Amino acid sequence: MTIAAISDWLDLNKLMGILPNHSEHGKEIDHMLNFCHWFMLILFVGWLSYFVYTLWRFRAGRNPKADYHGVTSHVSTHLEASVVIVEAVILLGFAIPLWGKRVNEIPTDEKNPLRIRAIGYQFGWFFHYAGPDQKFGAQHPRFVGGGNNLGIDPNDPNSADDVVVTSNMHLQNNRATVVRVSSRDVIHGFCLPQMRVQQDATPGLEAPMWFKPITTGAWEIICAQLCGAGHFGMRADYTVEEQKDFDAWFKDQQDATQKVFAAQRETLKKQAAEAAAPAHH
Ligand SMILES: [Cu+2]
């Protein structure tokens with residue numbers, strides 16, 4: 001048996017059908033998951049054998065009269081203490097540092113991350129790209145309509161390079177991606193299993209999360225919270241591609257989004273002119 005074969009065999013994640021990892025930090029998550037699975041398996045087998053043993057050992061046929069002293073050995077105390085120690089190691093040694101990395105090391109502008117907002121709704125996702133200026137255009141409900149689903153201010157200079165798409169989020173391979181997750185109605189869950197990230201989408205809040213894709217490919221985005229009758233159909237896709245393909249896609253989407261904004265600017269201008277004109281009687 002080679003080492004690879006042994007480590008494959010030891011990988012309980014695989015046995016339980018985990019989806020392949022395609023993100024930079026995913027290995028650390030998988031490592032911790034595998035460790036937890038093994039630990040839980042050992043506990044499960046241990047407690048279960050102990051349970052079966054006590055059923056047999058203390059059966060009525062063998063113990064017609066109760067023993068008023070009970071257990072005098074300290075084995076169980078030591079066992080329980082070791083379980084607590086292992087759990088503390090998982091929490092303090094693995095889980096908390098891993099979480100700390102995800103929330104403390106969000107890439108800043110200097111690292112030129114891809115900046116996206118993901119806004120859940122019943123039942124789908126909007127994606128708002130900040131564009132090369134790294135700044136999102138402002139939003140106001142009065143701009144909602146005419147294809148401007150998110151109500152982005154078409155006159156805000158920050159929106160001049162923005163992109164809004166639905167249902168298919170494109171990402172650039174090997175580029176850190178920061179997604180600000182939010183919702184338009186109820187609580188949804190933004191989950192990219194192959195990127196090993198998941199974040200609740202809460203109305204009125206924007207929660208940032210980040211990751212770096214390391215392979216190209218196309219996968220599904222899952223809504224990870226039961227969000228209503230159409231939850232099962234709330235699927236979207238995401239595509240990781242090389243820069244050339246991503247840039248081409250982005251340019252197309254930018255043209256389409258900016259066309260919507262330009263048309264809205266015209267409408268707003270017309271409305272303003274009508275409001276300013278003297279009323280006819
Ligand atoms: Cu949902």
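## Ground rules

Residue numbers start from 1 along each chain as its sequence is written. Because the model is predicted, local features need pLDDT of at least 70 and side-chain atom pairs count only at pLDDT 80 or more, while totals for chains, interfaces and linings use all residues.

## Two domains

Let us begin with the overall layout. The domain assignment of the protein chain gives domain 1 (3–104) and domain 2 (112–275); such bounds come from an automatic or database domain assignment. The C-alpha centres of domain 1 and domain 2 lie 41 Å apart.

Nine residues of domain 1 are in contact with 10 residues of domain 2, where contact requires C-beta atoms, placed from the backbone, to lie within 7 Å. On the side of domain 1 that touches domain 2, the residues divide into three nonpolar, five polar and one charged. Here Ala, Val, Leu, Ile, Met, Phe, Trp, Tyr, Cys and Pro count as nonpolar, Asp, Glu, Lys and Arg as charged, and the others, Gly among them, as polar.

Helices (H or I, at least four residues) and strands (E, at least two) are DSSP runs, numbered from the N terminus. The expected span is 1.5 Å times one less than the number of residues. Two of the residues of α3 are buried, so this helix lies largely in the open. A residue is buried if 20 or more other C-beta atoms lie within 10 Å of its own, exposed if 12 or fewer, and partly exposed in between, with C-beta atoms placed from the backbone.

Helix α5 (residues 243–276) has 34 residues and reaches 48 Å from its first C-alpha to its last, close to the expected 50 Å. With three residues buried, α5 also lies largely in the open. Those buried in α5 are Phe250, Thr257 and Phe261, and the buried residues of this helix pack against β3 (163–166).

## The open sheet

Now to the strands. Five of them form an open sheet with mixed pairing, in the order β3-β2-β1-β5-β8; strands pair if DSSP finds at least two bridges between them. At the edges stand β3 and β8 (207–211), each with a single partner strand, so one side of each is left without a neighbour in the sheet. Neighbouring strands are turned by 25° against each other on average, direction ignored.

Strands β1 (residues 114–121) and β2 (residues 124–129) run antiparallel, joined by six bridges, and they form a hairpin with two residues between them. His128 in β2 stands opposite Arg117 and also opposite Val164 in β3; β2 and β3 pair in the antiparallel sense over four bridges. Five bridges hold the antiparallel pair β5 and β8, with Phe211 in β8 as the bridge partner of Thr177.

## Backbone details in the loops

Most residues other than glycine have a negative phi, and most peptide bonds are trans. The peptide bond from Gln122 to Phe123 is cis, with omega near 10°, and Phe123 lies in the loop between β1 and β2.

Asn112 has a positive phi, near 50°, and sits in the loop between α4 (75–104) and β1. Asn112 counts as exposed because it has 12 C-beta neighbours inside 10 Å. Asn174 has a positive phi of about 60° and lies in the loop between β4 (168–172) and β5 (177–183). With 14 C-beta neighbours inside 10 Å, Asn174 counts as partly exposed.

Conventions
Contact = placed C-beta atoms within 7 Å. Axes fitted to C-alpha atoms, helices over the stretch in contact; angles between N-to-C directions.
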